[in-house]
Amino acid sequence: MAVPQPTYDVAIVGAGIVGSALAYFLSTSEDGKKVVLIDRSFGPLKGSTGYAPGFVGQYNESNVLTQLAIDTVNEYTKIPGGIDIVGGLEIATSQNGVNRLRTRCAKAREAGLAAKMISSEEAVNLAPNLVKGGNEAALHFAGDGAANAIGITAFYQKEAQANGVQLLQADTSGWPRAGSYDFLRLCCESHEPSPHKAPWVRWPEYHVYARDHGTFYGLGSYNHQPISQEPKDSAHGGWIDQFDPTLDEAMKFIPEKTGLAPAKKFNGIFSMTPDNMPLVGSVPSTTGLYMAAAVWVTHAAGSAKFLAKLMKEENVDENIRTALDPNRFRGQDIVQLRQESLDGYNSIYKTQENLQQ
């Protein structure tokens, strides 16, 4: 006797942090809809979620991204071990850099975020193993933190499953893809855990970032020629020789006393959009099809929650709906869109609108 196949009202393809969060938010609804979350593997995360450095910086020149980040942090703080509010530092090594940080500080405070300009000495005190002295100034975001993307994803899957969502391990085919892909790299060095939790650190003028993961340091840079890469089995790419000089330059920002030496080098494939904004909303060419690509862990839960509201036909902010609409590039030349994505890679913390200013 043939066993009848189960039917579902909502099928979510992709169980990364966004898909898993969406499954969870939909599962809290009382509309009685059956939801299935599909992924080729519920083991180690092979997509970008599994390789994300975990920085969560809430302020962005885009009001939409700032709001999504604030919503995301509100959700992550509800998850045990989801995020460490260790703060964030942006370091300026020139007067131009200081001026930019002052502008960011003022606008971040207008957005209701805790932001403060501090001296080079204060920055060193906050992250003595990651920040050298002698810089011009720094911007401190006390409410930012480091997210445990893998732990957050597991939490959302577990809670969604408890609420009745089916987890199905299977391959899918013919699903539309969006965005272009580029490389990042990260080097790590093991060390004894410190009782002092250091903030994440960025050097915006040089496209370098660093983080203390507790038992190892992470150092990365995106200060290299963009390299297009189509996604295959995972978001982990092979090491490319031209990354070595970039890594050597990044190492110069770490204090010598830290003794940082690369123990592991890898490339994480980073998903880009032409304007560096997420893709969240309906796809009108196919009835009932929605998509959500948050780009950053920083905006993952906020993006998923926003899409859940759209799917449940709840009222949403129209400015956010328009900014995230996946159809905003419709009719444009795909070759040009890919080039715009590549061109924005070296300024991945800015939206296209702000890149043009």
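Where does Glu313 lie? Glu313 is placed in the loop between α7 and α8 (318–324). The model is predicted: local features need pLDDT of at least 70, side-chain atom pairs count only at pLDDT 80 or more, and totals for chains, interfaces and linings use all residues. Residues are numbered from 1 along each chain as its sequence is written, and side-chain values use heavy atoms, with hydrogens and water left out.

**Overall architecture**

- The protein chain contains 10 helices and 17 strands, where helices (H or I, at least four residues) and strands (E, at least two) are DSSP runs numbered from the N terminus.
- Of the 357 residues in the protein chain, 48% are buried (under 20% relative accessible area, with exposed over 50% and partly exposed in between; 1.4 Å probe, protein chains only).
- The protein chain has an accessible surface of about 17500 Å², and carbon and sulfur atoms account for 48% of that surface (Shrake-Rupley method with a 1.4 Å probe; for residues, only the protein chains shown count as cover).
- Among contacts in the protein chain with a separation of 6 or more, 77% join residues 24 or more positions apart (contact means heavy atoms within 4.5 Å).

**Packing of α1 and α7**

- Two packed helices are described by the angle and the distance between their axes.
- Helix α1 (residues 17–27) and helix α7 (residues 300–311) have axes that come within 8 Å and cross at roughly 45 degrees; axes are lines fitted to C-alpha atoms, for helices over the stretch in contact, and angles run from 0 to 180 degrees between N-to-C directions.
- The two helices, α1 and α7, are therefore oblique to each other (angles under 35 degrees count as roughly parallel, over 145 as roughly antiparallel, 65 to 115 as roughly perpendicular and the rest as oblique).
- From α1, Ile17, Val18, Ala21, Leu22, Phe25 and Leu26 meet Ala300, Ala301, Ala304, Lys305, Leu307, Ala308 and Met311 of α7.
- The residues of this contact of α1 with α7 comprise 12 nonpolar, no polar and one charged (Ala, Val, Leu, Ile, Met, Phe, Trp, Tyr, Cys and Pro count as nonpolar, Asp, Glu, Lys and Arg as charged, and the others, Gly among them, as polar).

- Most residues other than glycine have a negative phi.
- Glu313 is not a glycine, yet has a positive phi of about 60 degrees; Glu313 is exposed, at 73% relative accessibility.
- His207, also not a glycine, has a positive phi of about 60 degrees.
- His207 sits in the loop between β11 (200–203) and β12 (208–212) and is buried, with a relative accessible area of 17%.

**Arg338**

- Arg338 belongs to helix α9 (residues 334–343) and is partly exposed, at 29% relative accessibility.
- A distance of 8.1 Å separates the C-alpha atoms of Arg338 and Thr273, which are 65 residues apart along the chain.
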